[in-house]
Amino acid sequence: MFRWVCRSTVISAASTMLLMPGVSAQSGKLEFADRPRLVSCDPSTTKPCFRLKFNVVDAQGAPQSLNLPPNQDLRGQMKTTLDNQEIAPFFAVAQSGGGQTVRGRVALILVDISGSMNIHLASGRTRFQTAQEALQQFVEGFDESVDRVAIVPFESHNVADHINSAVFARKKADALAQIEALPVPGPKNNTALYSAVVLGLQVLTKEVSSTPGSVEAMMILMTDGKNEVFKGDDAGLLDGPAGLDAAANAVRTSGAQAICIGFGDPGSIDENALRTISGKFYMAQDSEKLKQIFTFARTLLANRIVATVASPWPDRSSLEGRSVPITADLRLSDGRHFESDSQTWQAPQMGAPTFDGKCDVQELKAALQVAPAEGSWLTTLRPVLVFFGLGTLLLVLWFWVPRLVWSDQYIGTFETQGGGSMRWASKSQVLEKDQGMRPSRPAPPGFETQRGGAQPPRAPGERTVVQPDFSKSRLQKRPPQS
Amino acid sequence: MSLYQTLYFMSLVGGMAGLFSWVLVALVSMVITNQPLWVSDLVSATILGAFIGGLTVGFSDHWSGNRVLPRWVISGLLIGMAAGASAGALQIPITNNLAQQAPVLTRLIAWMLAGSFIGCGLGLRWAGVNPARVAHAFAGGLIGGALGGLIFAGLSASVPDLSQALGFVVIGVGICFGVTLAPILLRDGVLQFVSSGDARAQSKLGRTHKEWEIQQGDSYVIGSQSQDLSRSRYRPEIDVFIPDSAMAPRHAILLGKGGRFFLARHPSASDQASLARYQLRVRGKTVVTSQELRNSDDILLGRTALRFVTRKDK
């Protein structure tokens, strides 16, 4: 069985012949293939870590030809900058197959089957048939041990049903069967492009989150037109600028790499919309170009550098309210140098930052070697101290301060047995009333005082004798026993 | 409880709600993984709304002297939750579009949205008395949210945990302070408890010098009906509750209209039998239908004496 992607040298061939010929490898850069993700490497380290994924691309975004060093050396050649602090990653791996570590890969391909896909090309085949051929080539190198791919048609009818029922094939035969099973475009089909993007990303995110460990994800959208939704199509389909915003936001927030492919007549394709949805937009007008673009997409999915870096902050709470700009830098031993643009990791606006996942076993081992387990007592104790500190403050404000501010309301109160408090006063209650004081309850028997003064001290000889009163007792009511 | 005591303690209730919310948010955030950024905010605002809504209703009813009904506390909790969740949901597009360019502003907006929406949810309770209270509560929550957001954004880098906890406490204090302060600031009159021949009323209302703020446009039902008998789901049917056995369940209505205040018998206590049984006097004269109130008027309802004070003709 073929490996989906072989050595990185093969990549260069694809990319160089493809889109941007003649571009120097020296002008390449690291491009984020996923948003920076906060991961937990507990118990190796309590520090929150960031997992970063990159493609090495040239200035135009095409994959670069690189002989990447083994993983143990790659780590030493990478540097990251988190919030202007330079930090070397404790783990780095080039996921390009060929003996390197390959983790899971998930791809969702959305294929436009609107009526215009029936237009014939110069080759005599329709756009739809050409797309099917290109897709077959895409799954040609399917690696059943790591790859999962779903090929889903969309137009403007039953969009949600079709996309939500996507099945991620684990076998090449199943993937090819999905391509074969794509329905022939109907003449009345329109293009619910924006809705397809949003729904597709939901399905992809669900699939990724159901997979343990870190997997590489990508969504490919292939269309020959623009978002067109008319009466008679599904209700509630996204349209207009709001729909475009929703689609672009879905791509941005999911973090998954999205590639848009425009196929057919450039005049009929809404290039601006596709570029807004994803920065990675490619145009193909014939079969060869389309196949090349699919090869290119496959390369971007399969050839990624994953770097995991421990943040300079001791715990997750320390990231509250922060925006962390992240950049990466790869210096190869042959002198070539690749830098990434800055991408910002955002903490939630109100809540505490949450982890996007956990480090896998390899990352945990690497973290243990480089950033051994460390934990400060303050990290554990700080939230407890904060809670008790603020709690105590509130208790003081609740129980003590009011006694100072509204002291008259608290004088002479005592707790009663049934809960709550009662006031008592002396026999001088009437007098108090006359003096403009508030009336209060009479004091319980035995507690009477003179004008609210204290009780006179008891003499040592005084005794309290309790006289039982049986007058109300049931004993009294018993008939006399003879 | 006097107006300023109510303001003070309600603010503390808000702070308490904020602190409990923070604890729960911290626990929940340990469980949430692999979710978009907005999920944490949505959960935080929802929890905050639930705590503030539930505790505010509970304590407010407790201090009114009436029974605390679990039904109303749950209603307050659910309305607070819904308000918080709405704020969290509204924040999603703002975060998506603005967070990268203006992170501090986005944070402030998130806190202000949460504060104002939760405040608005609380204000709904008094919408029946005066719809303007919803707007007052909204404004109060907005200011509280802004203060909480400023603390969170300003201190988070230097004092983690404390910044968020303090932010939650301040937003809670702010919301409840705003909700309670607005009617106090805007009051046109005050109904003061003087004394009562009923020991229960005297005990509940006398010690704390209970006062009720009155606004123009408001309509208050005064009575002795326990909340147990109330059929409403959120707001009390009796606005001025006095547990005096000599008072009718719905004894009188106090109206503020056209810059003047009127005290009228409640229609349910206007029949002949009620006229004979339930006393309603203003300045010592029995009120049969309605009577305009003036500053420092003494009112007798059943065996309870109240005083009406207004700044209108001071």
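Helices (DSSP runs of H or I, at least four residues) and strands (runs of E, at least two) are numbered from the N terminus. This is a predicted model: local features need pLDDT of at least 70, side-chain atom pairs count only at pLDDT 80 or more, and totals for chains, interfaces and linings use all residues. Residues are numbered from 1 along each chain as its sequence is written, while chains are lettered from A and ligands numbered from 1 in the order in which they are written.

**View 1. Chain B holds 8 helices and 11 strands.** Its C-alpha trace spans about 70 × 35 × 30 Å along the principal axes of chain B.

**View 2. In chain B, 55% of the 314 residues are buried.** Buried here says that 20 or more other C-beta atoms, placed from the backbone, lie within 10 Å of a residue's own.

**View 3. Strands of chain A form an open sheet in the order β8-β7-β9-β10-β11.** The 5 strands have parallel pairing, where two strands pair if DSSP finds at least two bridges between them. At the edges lie β8 (147–154) and β11 (280–284) of chain A, each pairing on one side only.

**View 4. Strands β9 (residues 216–223) and β10 (residues 257–263) of chain A run parallel.** Look for the 6 bridges that join them. Which residue is the bridge partner of M222(A) in β10(A)? The partner is I261(A).

Definitions and conventions
Buried ≥ 20, exposed ≤ 12 C-beta atoms within 10 Å, placed from the backbone.
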